[in-house]
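Biologist: Please take a close look at one part of this model for me. Start with its setting, and spell out your cut-offs as you go.

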Protein chains: 2
Amino acid sequence: MEQRFSSALLENAVTELSRLPGIGRKTALRLALHLLRREPREAAALGRAIIDMREGIRYCRVCHNISQDEICPICSSMSRDSRTVCVVENVKDVMSIENTGEYHGVYHVLGGLISPIDGIGPDALEIASLVERVTDGGVDEVILALSATMEGDTTNFYIYRRLSQCGDVRVTQLARGVSVGNEIEYTDEITLGRSLLNRTPFSDSFAN
Amino acid sequence: MEQRFSSALLENAVTELSRLPGIGRKTALRLALHLLRREPREAAALGRAIIDMREGIRYCRVCHNISQDEICPICSSMSRDSRTVCVVENVKDVMSIENTGEYHGVYHVLGGLISPIDGIGPDALEIASLVERVTDGGVDEVILALSATMEGDTTNFYIYRRLSQCGDVRVTQLARGVSVGNEIEYTDEITLGRSLLNRTPFSDSFAN
């Protein structure tokens, strides 16, 4: 049964909160009542932060990462290597790679992966703009950093095929193998099999 | 490791969202990115709903339920029986009882239960104002509708003792027994024992 509320303002806040993913009406009510118990400026700060974020953030015209300007700080940075483009699924993956501190190139955010079962074809993603970036020149290497899933592999292969028609660009993908810290006993057979096939010289592991 | 964000606006929204109970920084980031993918007016509606709710809602001067006016709609309603006061722990309990459609009296929201272990004494709750309401007269019955827990029982007993010094008011509590739909086999022994002791005439069950 739909719960009745004693206040239209509360009802409205609960309705809006429950539109968020993973938040049902019960949780939304709990959050709203929590905000009512706190200082008014705390609720105001939350409300303003949401509004300001949505109004102030757009997508970078070059790499489609989130940005407060037309071109994001990574694309416009002089210290980044714009000849290396790392292709990722979404904005979160950019953050994950940035947090490694190991990457100094630029990005291209696809906005998803090819998934026929979900009705997501190549045209729904930022693949045409990637091909255009490469065709325009100035890109030496495209690193495919997509998930090691069926959808990731499909998208990898599709992009590889498209880019191989664009002339002289090196297409690489993330190394796949046993994750650091994982025990052999609990590593799945496919990963283990591939890791054996793609074994690397032991001396490489202390080379860098 | 603290995740770095590509935008101060996003960082701020994630920080504010993660102040909500049960929402960590990972979930907050997921919610923020969800809002970024939706229409700007959807985020604006959520932000405004939160601000408006906190600014517009206060607590009823009489019963301490949430209200948009100084006196809540239940307390100021002419169709409610103001001589019967139902004592509840919090605002949610008012909603639960209102949703039964079985209650036509008014409320008194304590704002918690006595819990020495959490350092919550009677003075932290709206007990003095309840005693005052009863002392002022005009109340025939006080219904204790608190949880059937140790804290609820303690609070029930404390309020009962205080009210018994206030002259002629009937103090009742919610019936306790086997919940509707529960099987005897899975009912706990204390509930079952009490239900036996407090058994009611069978004819009562179809009297109303």
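**From the surface to a strand residue**

Modeller: Happy to! Chain A has an accessible surface of about 12200 Å², and carbon and sulfur atoms account for 51% of that; areas come from the Shrake-Rupley method with a 1.4 Å probe, and for residues only the protein chains shown count as cover. Keep in mind that this is a predicted model, where local features need pLDDT of at least 70, side-chain atom pairs count only at pLDDT 80 or more, and totals for chains, interfaces and linings use all residues. Residues are numbered from 1 along each chain as its sequence is written, chains are lettered from A and ligands numbered from 1 in the order in which they are written, and side-chain values use heavy atoms, leaving out hydrogens and water.

Of the 208 residues in chain A, 39% are buried, meaning under 20% relative accessible area, with exposed over 50% and partly exposed in between (1.4 Å probe, protein chains only). The radius of gyration of chain A, taken over C-alpha atoms, is 23 Å, whereas a compact globule of 208 residues would be near 17 Å, by the rule of 2.2 Å times the number of residues to the power 0.38. Its C-alpha trace spans about 70 × 45 × 35 Å along the principal axes.

Chain A contains eight helices and six strands; these are DSSP runs numbered from the N terminus, with helices as H or I of at least four residues and strands as E of at least two.

Now for the close look, which takes us to chain B. B:C86 sits in strand β3, residues 81-88. This cysteine counts as buried because its relative accessible area is 3%. Setting aside neighbours within four places in sequence, B:C86 is in contact with B:I97, B:Y103, B:V106, B:Y107, B:H108, B:I143 and B:A145, where contact means heavy atoms within 4.5 Å. B:A128 is 42 residues from B:C86 in sequence, and their C-alpha atoms are 15 Å apart.

For contrast, consider B:A124, which lies in the loop between β4 (105-109) and α6 (127-135) of chain B. Its relative accessibility is 59%, so B:A124 counts as exposed. From B:A124 to B:G56 is 68 residues in sequence and 24 Å in space, C-alpha to C-alpha.
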